[in-house]
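Please look through the report below alongside the sequence and the coordinates.

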Amino acid sequence: MKERKNDRYYVKAKREHYRSRAAYKLLQLQEKFGILFAGMRCVDLGAAPGGWLQVEQEIAGPGGRVLGIDLATIRPVEGVTLLKGDVTSPATAAKLLDAAGGKVDVLLSDMSPDISGNYSLDHARSVDLVRTALALARLLLKEGGSMAVKLFDGELTHELLEDMKRSFGSVRVSKPEASRKQSSEIYIVAGDFFSR
Ligand SMILES: C[S@@+](CC[C@H](N)C(=O)[O-])C[C@H]1O[C@@H](n2cnc3c(N)ncnc32)[C@H](O)[C@@H]1O
């Protein structure tokens with residue numbers, strides 16, 4: 001708790017009314033890559049408690065459409081459509097596709113697996129979540145669309161990046177300043193989606 005209270009982004013999130021310090025990771029990715037835009041249609045996987053959703057909705061504005069899903073219940077965010085469920089279950093994926101109501105411009109995932117403390121296992125679970133997000137991106141993204149996704153870095157990263165390059169014209173890796181140095185998390189930002 002003490003460590004949290006000394007954390008600059010935790011304090012900043014409280015002051016600026018973001019639900020999570022994670023909001024600053026997305027804001028920093030946005031500053032670097034500019035993947036979010038006014039009027040966008042956007043899907044956020046693993047969105048609780050909703051810091052990223054707040055950022056997405058602020059940028060999308062009234063002409064945009066933001067949809068968030070999580071295993072946990074997300075408190076309402078004005079203007080945002082919320083779903084509850086496990087993204088890895090085919091039934092939830094079908095609901096998500098339905099709720100999206102058509103192709104979207106951006107797909108985001110900040111999903112984290114339950115941490116076991118075993119580095120290789122946590123990495124492999126994180127890769128599985130990214131692969132789930134990638135499969136959904138391939139169904140949901142418009143041509144030219146973008147994706148940003150969290151990954152716990154490890155030995156399978158290279159193969160995963162190569163797979164993403166089969167669907168995106170650009171695939172870049174970034175570690176935003178707000179991401180804790182001691183965490184193995186990185187973000188993969190992919191743009192120029194193409195379906196074949
Ligand atoms: C780091 S938090 C996301 C924080 C969020 N970006 C924010 O700014 O508030 C990771 C979330 O991923 C969710 N998650 C993990 N696996 C999931 C799954 N299979 N389906 C849906 N959500 C999942 C967890 O429940 C957790 O809320």
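The sections below treat the basis of the model, its backbone geometry, the ligand shell and the strand pairing.

## Basis of the model

This is a predicted model, in which local features need pLDDT of at least 70 and side-chain atom pairs count only at pLDDT 80 or more, whereas totals for chains, interfaces and linings use all residues. Residues are numbered from 1 along each chain as its sequence is written. Helices (H or I, at least four residues) and strands (E, at least two) are DSSP runs, numbered from the N terminus.

## Backbone geometry

The peptide bond that joins A48 and P49 is cis, with omega about 0°, and P49 lies in the loop between β1 (41–45) and α4 (51–60).

H17 belongs to the loop between α2 (8–15) and α3 (22–33), while D192 is found in strand β7 (residues 185–193). Exposure is judged from C-beta atoms placed from the backbone: a residue is buried if 20 or more others lie within 10 Å of its own, exposed if 12 or fewer, and partly exposed in between. H17 is exposed because it has 9 other C-beta atoms within 10 Å, and D192 is partly exposed because it has 13.

## The ligand shell

The ligand is surrounded by 22 residues, of which the closest are S20, A22, G46, G51 and D110; a residue is near a molecule if its C-beta atom, placed from the backbone, lies within 6 Å of it. The elements that give two or more residues to this shell are α3, α4 and β2 (65–70).

By class, the shell has 12 nonpolar, 6 polar and 4 charged residues, where Ala, Val, Leu, Ile, Met, Phe, Trp, Tyr, Cys and Pro count as nonpolar, Asp, Glu, Lys and Arg as charged, and the others, Gly among them, as polar.

## Strand pairing around β7

Strand β7 pairs in the antiparallel sense with β5 (residues 141–152) over 6 bridges, and it pairs with β6 (residues 168–174) in the antiparallel sense over 6 bridges; pairing requires that DSSP finds at least two bridges between two strands. V189 in β7 is the bridge partner of A148, and F193 in β7 is that of F168.

D153 is found in the loop between β5 and α7 (157–164), and it counts as partly exposed because it has 17 C-beta neighbours inside 10 Å. Although D153 and S184 are 31 residues apart along the chain, their C-alpha atoms are separated by 5.5 Å. Leaving aside neighbours within four places in sequence, D153 is in contact with S184 and I186, contact meaning C-beta atoms, placed from the backbone, within 7 Å.

How values were computed:
Two residues are in contact if their C-beta atoms, placed from the backbone, lie within 7 Å.
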